[in-house]
Number of protein chains: 2
Amino acid sequence: MSQPRTVFFVSDRTGITVEMLGNSLLTQFDDIEFQRVTLPFIDNIEKARDVLSQVERAGVDSGKRPLVFTSLMTETLRHEISRANAMVLDVVERFIVPLEEELGIKSAHAIGRSHSAGNFKDYNHRIEAVNYTLAHDDGMTNRNLEQADIILVGVSRSGKTPTCLYMALQFGVKAANYPLIPEDLERMKLPPALLPLRHKVWGLSILPERLKTIRQERKPDSKYASFENCKWEVDAAEALMKTAGISFLNSTTKSIEELAATILHEARLVRRVY
Amino acid sequence: MSQPRTVFFVSDRTGITVEMLGNSLLTQFDDIEFQRVTLPFIDNIEKARDVLSQVERAGVDSGKRPLVFTSLMTETLRHEISRANAMVLDVVERFIVPLEEELGIKSAHAIGRSHSAGNFKDYNHRIEAVNYTLAHDDGMTNRNLEQADIILVGVSRSGKTPTCLYMALQFGVKAANYPLIPEDLERMKLPPALLPLRHKVWGLSILPERLKTIRQERKPDSKYASFENCKWEVDAAEALMKTAGISFLNSTTKSIEELAATILHEARLVRRVY
């Protein structure tokens with residue numbers, strides 16, 4: 001059996017950016033199997049040397065030249081990694097150097113500027129968004145509902161909670177969510193508290209087959225999880241949302257990131273970046 | 001007054017990757033003021049033309065050549081943006097082309113591979129991590145506590161909840177959290193349920209001044225928010241964690257991303273990527 005090619009994501013800080021970039025590029029090479037290794041906090045020469053030997057070993061073991069995505073800011077560390085018998089894709093070199101030329105100044109070349117605790121106001125805004133979103137999960141309270149940036153509706157287990165939490169953590173958005181329960185579906189009306197806020201309401205839907213699978217894991221062989229009930233709820237919820245003029249997205253085919261970014265885009269909300 | 005230079009993040013999908021990469025690079029140029037604009041879902045030529053005119057306008061209005069980070073996969077769309085009087089930093093061109101050479105195959109050049117709903121197993125693992133984390137927030141239950149990958153402890157408002165939620169959403173980690181309450185601090189012992197799981201326990205601490213500010217917003221002029229009480233709780237919690245052999249990080253000086261990545265790294269947990 002052929003060995004997968006190893007891909008390293010090497011960073012002097014969290015590695016989140018370089019890992020996300022590298023992964024996003026590799027999804028374009030679907031036919032190739034990769035073994036991914038993230039090495040964060042590589043901030044001194046001993047650690048860089050250790051990375052170098054891990055990369056060399058992976059190349060020997062797999063018989064394939066590894067790929068190494070790096071975002072190391074310090075020249076000596078980058079130099080150390082560049083010695084590897086590997087394809088090194090250096091984010092700093094490829095972007096910082098042309099940026100320095102364009103902007104006419106040298107960059108700080110400082111470790112740890114990204115994702116470091118910025119000013120307290122930004123931090124606080126983000127935490128407030130998370131707290132608001134948690135307090136307004138699953139229709140828990142209508143208190144201060146008018147302060148929501150977004151209110152998501154959908155049947156139970158359609159993906160509302162993770163999408164709201166992602167919007168809060170990634171973009172600083174106050175995202176409430178409200179389940180559409182059988183009573184709403186029978187009345188064919190939005191929960192009354194949402195009527196004056198309809199311009200902030202977005203919907204999630206889901207394929208009945210997928211919904212059944214998800215519910216089955218929580219409450220096996222219940223009416224709640226039965227295909228017939230799932231299909232009835234989904235059909236009724238979609239009909240209700242159409243009647244109420246609420247746009248909705250399908251969480252079966254979209255990731256949490258896509259749901260969150262699409263809703264923010266359609267709602268014309270500002271994306272904060274942390 | 002001098003106008004800020006405009007920076008565009010242009011993507012055919014969510015824009016999250018290119019926005020994070022661009023922001024991370026710009027933090028290296030601290031002295032320059034930038035105006036950031038994210039333009040996601042640019043997936044046809046009309047939208048690309050609209051981006052082009054927004055970029056041109058920003059250049060004229062500010063008197064400064066804009067920066068444009070793009071991750072457009074389609075050749076015609078990239079070509080359209082490249083016509084702008086701007087510095088275009090094209091992620092695809094700078095990385096996909098050398099990757100194609102190294103890997104010896106053409107990339108799919110397909111829109112929307114990143115952050116798209118992958119296989120159900122991955123998706124389910126991520127949602128399960130979020131559900132677990134929500135159910136085990138703030139010591140809510142000890143049920144299935146042994147299934148946690150990580151258990152965070154710390155005084156009320158030290159940043160446990162957002163850090164746990166980030167670990168769940170970003171890395172698929174089941175992260176429980178447990179407050180250290182005055183009873184624990186007086187006894188100088190971890191909550192009893194955590195004793196058999198001490199190897200999974202990490203701590204968060206915070207500067208008493210910062211804690212006071214955060215608590216003051218929630219319960220103004222309470223004993224809970226007083227500086228004396230905050231200082232007592234923080235000192236006692238740090239002493240307790242030292243006694244119990246629990247490593248702790250300070251949330252005053254670290255971002256949520258840094259806290260999450262550091263804890264995962266120290267705990268040697270696998271980072272999933274979604």
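Select domain 1 and domain 2 of chain A: their C-alpha centres lie 38 Å apart. Domain 1 covers 5-103 and domain 2 covers 120-266; these bounds come from an automatic or database domain assignment. This is a predicted model, in which local features need pLDDT of at least 70 and side-chain atom pairs count only at pLDDT 80 or more, while totals for chains, interfaces and linings use all residues. Residues are numbered from 1 along each chain as its sequence is written, and chains are lettered from A and ligands numbered from 1 in the order in which they are written.

Now show the whole of chain A. Its C-alpha atoms fill a box of roughly 70 × 50 × 30 Å along the principal axes. Of the 274 residues, 47% count as buried, that is, with 20 or more other C-beta atoms, placed from the backbone, within 10 Å of their own.

Colour by secondary structure next. Chain A has 10 helices and eight strands, where helices (H or I, at least four residues) and strands (E, at least two) are DSSP runs numbered from the N terminus.

Select β6, β5, β7 and β8 of chain A. In that order they form an open sheet with parallel pairing; two strands pair if DSSP finds at least two bridges between them. The edge strands are β6 (175-179) and β8 (248-250), each pairing on one side only. Zoom in on β7 (residues 201-205) and β8 of chain A, which pair over three bridges. Across this pair, A:G203 has A:F248 as its bridge partner.

Finally, bring in chain B. Here 54 residues of chain A are in contact with 54 residues of chain B, contact meaning C-beta atoms, placed from the backbone, within 7 Å. On the chain A side, the elements giving two or more residues include α1 (16-26), α4 (91-103) and α10 (256-266). The most comes from α1(A), with eight residues.

Note on methods. Buried ≥ 20, exposed ≤ 12 C-beta atoms within 10 Å, placed from the backbone. Contact = placed C-beta atoms within 7 Å.
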